[in-house]
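Hi everyone, thanks for coming. Let's have a look at this one together.

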Amino acid sequence: MEKSLLALDDAQRMLQVDEAEWLQLLGLFVTTSDRDLARLREAFSGRQLDDVQMLAHRLKGSCRTLGLDDAFRALELLERMDAATPDSAWSRAYADALAAMARCIAAARRRMGSACPESAD
């Protein structure tokens, strides 16, 4: 089974929520992550680095709660970038964070099945 799906199953057990509550939490994760990733893309393209860091921090918290460690680490790296960081490092951290979040959102959508909210994209 995929690592992200295993993490989600582990998080459900750890949080001790029933299936209906879990599907609500995953739906909230998908909806808010889609929205925050759209904002992250806009902030990155506009070189609004403070906003990039704030959004990375916000997304990181959701990932930590759900046990999505790969995305958590990628977002943490993006959050730690600063104005002195070379553009190439910013771009790589950004790309890694987007890829990790895409995997996690896809895993959440698969876990939710037909209960999944529509994408904001």
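Quick one to start: is Asp-87 buried, exposed or partly exposed? Asp-87 counts as partly exposed, at 46% relative accessibility. For the cut-offs, buried means under 20% relative accessible area, exposed over 50%, and partly exposed in between, with a 1.4 Å probe and protein chains only.

Before I go on, this is a predicted model, where local features need pLDDT of at least 70 and side-chain atom pairs count only at pLDDT 80 or more, while totals for chains, interfaces and linings use all residues. Residues are numbered from 1 along each chain as its sequence is written, and side-chain values use heavy atoms, with hydrogens and water left out.

Okay, back to Asp-87. Its side chain meets that of Arg-47 in a salt bridge, at 3.2 Å from N to O. This pair links distant parts of the chain, 40 residues apart: Asp-87 sits in helix H5, Arg-47 in the loop between H2 and H3. By salt bridge I mean a side-chain nitrogen of Lys or Arg within 4 Å of a carboxyl oxygen of Asp or Glu. Helices here are DSSP runs (H or I, at least four residues), numbered from the N terminus.

How many salt bridges does the structure hold? There are 13. Another one joins Asp-9 and Arg-111, again at 3.2 Å, N to O. Here Asp-9 in helix H1 and Arg-111 in helix H5 are 102 residues apart. Asp-9 counts as buried, because its relative accessibility is 18%.

Then there's a network of salt bridges linking Arg-35, Asp-36, Arg-39 and Arg-58.

Notes
Helix = DSSP H or I, 4+ residues; strand = E, 2+ residues; numbered from the N terminus.
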